[in-house]
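Welcome! Please take a moment to look over the sequence and the structure below before reading on.

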Amino acid sequence: RCQVSAAAPGPYPKQVKVVEVGPRDGLQNEKNIVPTPVKISLINMLSETGLQVIEATSFVSPKWVPQMADHTEVMQGINKVPGISYPVLTPNLKGFQAAVAAGAKEVSIFGAASELFTRKNINCSIEESLERFSEVMAAARAANIPVRGYVSCVLGCPYEGKISAAKVAEVSKKMYSMGCYEISLGDTIGVGTPGSMKEMLTMVMKEVPVGALAVHCHDTYGQALANILVALQMGVSVVDASVAGLGGCPYAQGASGNVATEDLVYMLNGLGIHTGVDLQKLMDTGTFICNALNRRTNSKVSQASCRL
Amino acid sequence: QEPQASGLPEYIKIVEVGPRDGLQNEKVIVPTDIKIELINRLSKTGLPVVEVTSFVSSKWVPQMADHKEVMRGIERHPGVQYPVLTPNLQGFHSAVAAGATEVSVFGAASESFSKMNINCSIEESIEKFEEVAKSARNMNIPVRGYVSCALGCPYEGNIIPAKVAEVSKRLYSMGCYEISLGDTIGVGTPGSMKKMLEAVMKEIPLSALAVHCHDTYGQALANILTAIQMGVSVVDSSVSGLGGCPYAKGATGNVATEDVIYMLDGLGINTGVNLYAVMEAGNFICTALNKKTNSKVAQASFNTGTIN
């Protein structure tokens with residue numbers, strides 16, 4: 001036994017920015033193609049919940065991601081509520097230009113801490129992917145458009161297995177230096193635990209200020225909220241989540257993917273951390289999209305609350 | 001063994017409650033031989049404690065009607081404890097006659113819950129338990145005390161930490177060697193867990209405390225993490241997350257042992273338990289019950305064929 005009484009956990013940030021990725025990351029990993037009007041309704045409903053950031057769609061070729069084929073219509077169709085940011089994914093300059101033409105005011109680019117994952121996913125090396133992004137960065141800077149950077153596989157890779165924290169720090173630093181205002185660290189296959197989360201963040205925080213960091217945890221192994229808790233304890237105050245836990249894991253058939261926004265907000269509420277999000281409205285939105293997708297919610301808060 | 005995060009226990013004792021708490025809350029009545037097989041399999045996983053059954057009237061808990069046969073039928077592995085529930089002196093005597101060498105008593109931090117569950121006040125229930133504790137002491141039989149509704153009550157709602165501390169202290173003073181604090185309806189969060197433990201730790205030594213978290217709102221692992229960060233080193237869980245919540249139809253109940261072990265392994269904390277063996281025991285009982293596992297680790301692992 002180490003100590004008679006360990007230090008109490010905390011302190012926690014007073015507020016957390018919740019980045020809602022359901023309409024993009026969530027729907028992208030759902031089997032059923034969602035009609036454009038439903039996507040627009042989903043985003044409009046999310047805009048009423050108090051969420052400040054809602055990832056709307058992805059300007060990627062419909063050949064690769066059929067679910068996001070209607071990116072232009074979605075972008076043009078949604079209510080853009082003042083004060084809410086609607087970032088979109090832009091894998092390259094072409095996507096960036098289409099996004100801006102469709103009205104996007106913020107974009108995201110996706111890097112990875114794993115060479116093999118990058119190769120399998122976008123058919124190039126990490127270095128090459130960053131070179132492609134530098135084109136987007138230059139255009140974004142010229143247009144005064146903020147860019148968010150994602151790093152995938154930060155706690156493990158479906159191909160490489162273990163990922164070194166130093167590699168995550170290296171890729172994060174490069175993306176931050178390129179001009180990304182925020183780096184979202186993604187546990188893409190959900191294998192991370194509070195142990196690996198802490199180790200990884202310790203390294204990344206040497207290179208990127210904690211105020212510019214976000215965590216994007218998948219709940220495939222049930223570890224998401226525990227991992228997020230540790231990230232908060234280390235000073236991270238931006239957390240990605242997906243309404244109703246939309247989006248399975250493409251690497252483990254039938255397994256869950258994104259952490260549910262409802263479950264995250266429930267935890268943050270319990271910690272007295274301010275998010276500005278109305279949990280009931282969020283649950284109602286989750287119910288809406290699950291009905292539209294004809295599927296059960298992945299949110300435990302939603303499951304429990306409906307029955308009480 | 002060096003813990004990765006300072007202040008975490010080096011070893012955590014897992015108390016497996018699947019065969020009792022888990023099965024008790026499953027709708028399907030499980031045949032005696034299946035129960036015995038489950039317990040025998042769990043005995044081989046490295047789990048130090050397996051809660052076997054409940055010596056309660058079969059009129060109240062039909063699932064546990066075969067308590068004598070189960071107690072007598074299981075293999076008793078050296079180094080494994082096999083506690084049983086004994087709500088009163090009659091149950092205690094019956095348990096001892098059937099070969100029990102450890103018993104548990106169940107108190108609650110809520111008057112309403114106590115009345116609705118066992119039809120008497122907290123004080124009256126404590127008196128009954130004192131009779132059991134006295135007999136147990138004479139026979140050198142250890143007694144574990146449970147406190148239900150430690151983080152909230154389905155009838156009373158909020159439960160004040162001081163009440164939890166008070167009931168815990170009564171149980172500890174009468175001779176319970178360990179007090180398991182139960183978030184019976186899973187409404188707790190790291191915030192309420194911390195406040196409750198701070199109050200209880202004023203009255204009970206840390207080494208005598210356990211947490212029994214339900215995952216009804218998806219908060220269990222985050223709550224367990226908080227508890228172990230505060231020095232708690234005994235955690236209750238249920239293989240496959242057996243046992244729904246009787247207060248929220250269709251919602252989940254117990255946290256899955258597999259998911260807890262995955263987290264503790266990732267934190268470098270020793271449990272002595274073989275995760276894969278637990279998953280196999282979980283697979284056995286889910287097949288027998290014709291139900292899907294509630295363990296995300298099991299879901300993910302059986303679908304990819306690998307464990308990270």
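This report covers the interface between the chains, then salt bridges, then a pair of helices.

**Where the chains meet**

Please keep in mind that this is a predicted model. Let us begin with chain A and chain B. Their contact draws on 46 residues of chain A and 51 residues of chain B. The size of an interface is often given as the accessible area lost when the parts come together. Between chain A and chain B, about 3800 Å² is buried, and carbon and sulfur atoms give 58% of that area.

Polar links cross this interface too: 10 residue pairs are in polar contact, with both residues at pLDDT 80 or more. Which elements of chain A give two or more residues to the side that touches chain B? They are helix 8 (194–204), helix 9 (224–233), helix 10 (261–270) and helix 12 (300–307) of chain A. Helix 12 of chain A gives the most, with 6 residues. Sorted by class, the side of chain A that touches chain B has 22 nonpolar, 16 polar and 8 charged residues.

**Salt bridges**

Side chains of opposite charge can pair when their charged atoms come close. Over all chains, the structure holds 24 salt bridges, and 2 salt bridges are found across the interface of chain A and chain B. Here are two examples from the structure.

| Residue | Partner | N to O distance |
|---|---|---|
| Asp219(A) | Lys296(B) | 2.6 Å |
| Glu182(A) | Lys17(A) | 3.0 Å |

**Two helices in chain B**

Now turn to helix 8 (residues 190–200) and helix 9 (residues 220–229) of chain B, which pack at an angle of about 35 degrees with their axes 9 Å apart. The crossing of helix 8 of chain B and helix 9 of chain B is right-handed.

Which residues meet here? Helix 8 of chain B brings Pro190(B), Met193(B), Lys194(B) and Leu197(B), while helix 9 of chain B brings Ala222(B), Asn223(B), Thr226(B) and Ala227(B). By class, the residues of this helix contact are 5 nonpolar, 2 polar and 1 charged.

Notes. Residues numbered from 1 in each chain as written. Chains lettered and ligands numbered in written order. Predicted model: local features only at pLDDT ≥ 70, side-chain atom pairs only at ≥ 80, totals over all residues. Heavy atoms only, no water. Axes fitted to C-alpha atoms, helices over the stretch in contact; angles between N-to-C directions. Helix = DSSP H or I, 4+ residues; strand = E, 2+ residues; numbered from the N terminus. Left-handed = near helix turned anticlockwise from the far one by under 90°. Contact = heavy atoms within 4.5 Å. Nonpolar A, V, L, I, M, F, W, Y, C, P; charged D, E, K, R; others polar. Buried area = accessible area lost by both parts, 1.4 Å probe. Salt bridge = Lys/Arg side-chain N within 4 Å of Asp/Glu carboxyl O. Polar contact = N/O pair within 3.5 Å; in protein donor to acceptor, adjacent residues only side chain to side chain.
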